[in-house]
Amino acid sequence: MLLTFTPLTAICAESHEPISAGTYETSSTTVHFEDGSYMVTVVRQSSIVKSTKSTRSATYTKVGEKIVNLYDSKDNLQWTHTVTGTFKVNEGVSAVCTNSTYSSVIYENAWSLADHENSYSDNLAYGTAVYKKKVLFITTNTHKVDISIGCDINGNMD
């Protein structure tokens, strides 16, 4: 998984609905930029939502989300972009993404969501977004975000 930011470039391994109680954070990564701003990416996943046990395997639904937060050099949150994936897991056999959604929250009015796209395939939920910062109608900063969140056959998110 790659996150790409423009005009500053960094590479880092790393909805409409927030995950409810019973969630936990599985990883967090921070990328710092030359202007002092930084981006924090967090992966959260739900506990098992539904479970059907048999003698062969367990089938259940898991929800995971990858959240990208942009902060300025003074630690002020600028915007948050979240991709949420819903996965059907057949423990030890398969994991399939059944839905992908996104959410965007802008905290600093100079920023706007210029473009976004969401999709899912196999065991991955995908999302891309372009955020632009304008001052006096002139674009002064752009960040492109590429997010994917996957689920393996054991229900682990990445």
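This note goes through the predicted model point by point.

1. **Confidence.** The structure is a prediction, so read the confidence values before anything else. The mean pLDDT of the protein is 83. A value of 70 or more is reached by 77% of the residues. Residues 1-21 have pLDDT below 50. In the model, this stretch still has 65 contacts beyond near neighbours in sequence.

2. **Overall make-up.** How many helices and strands does the protein have? There are 0 helices and 9 strands. Read from the N terminus, the order of elements is β-β-β-β-β-β-β-β-β.

3. **Surface and interior.** The protein has 158 residues, and 41% of them count as buried.

4. **The β8 and β9 pair.** Strand β8 covers residues 124-135. It is joined to β9 by 12 bridges, and the two run antiparallel. Look at Tyr131 as an example: its bridge partner in β9 is His143.

5. **The loop between β8 and β9.** Leu136 lies in this loop. Its phi is positive, about 55 degrees, although Leu136 is not a glycine. Is Leu136 buried or exposed? Leu136 counts as exposed, because its relative accessibility of 72% is over the 50% cut-off.

6. **Salt bridge Arg44 to Glu65.** Side chains of opposite charge can pair when their charged atoms come close. The count of salt bridges in this model is 2. In one of them, Arg44 pairs with Glu65, and the closest N and O atoms are 2.2 Å apart. Arg44 sits in strand β2 (residues 38-46), and Glu65 sits in strand β4 (residues 58-71). The two residues are 21 residues apart, and the pair links distant parts of the chain. How accessible is each partner? Arg44 is partly exposed, at 26% relative accessible area. Glu65 counts as buried, because its 2% is under the 20% cut-off.

7. **Salt bridge Asp146 to Lys144.** Asp146 forms a salt bridge with Lys144. Their closest N and O atoms are 3.9 Å apart. The cut-off is 4 Å, so this pair is counted. Asp146 is partly exposed, with a relative accessible area of 21%. Lys144 is partly exposed too, at 35% relative accessibility.

8. Met39 is found in strand β2. What is the relative accessible area of Met39? The value is 1%, so Met39 is buried. Met39 and Asn69 are 30 residues apart along the chain. Their C-alpha atoms are separated by 5.5 Å.

How values were computed. Residues numbered from 1 in each chain as written. Predicted model: local features only at pLDDT ≥ 70, side-chain atom pairs only at ≥ 80, totals over all residues. Heavy atoms only, no water. Pairing = 2+ DSSP bridges. Helix = DSSP H or I, 4+ residues; strand = E, 2+ residues; numbered from the N terminus. pLDDT = per-residue confidence, 0-100. Contact = heavy atoms within 4.5 Å. Salt bridge = Lys/Arg side-chain N within 4 Å of Asp/Glu carboxyl O. Buried < 20%, exposed > 50% of the residue type's maximum accessible area, 1.4 Å probe, protein only.
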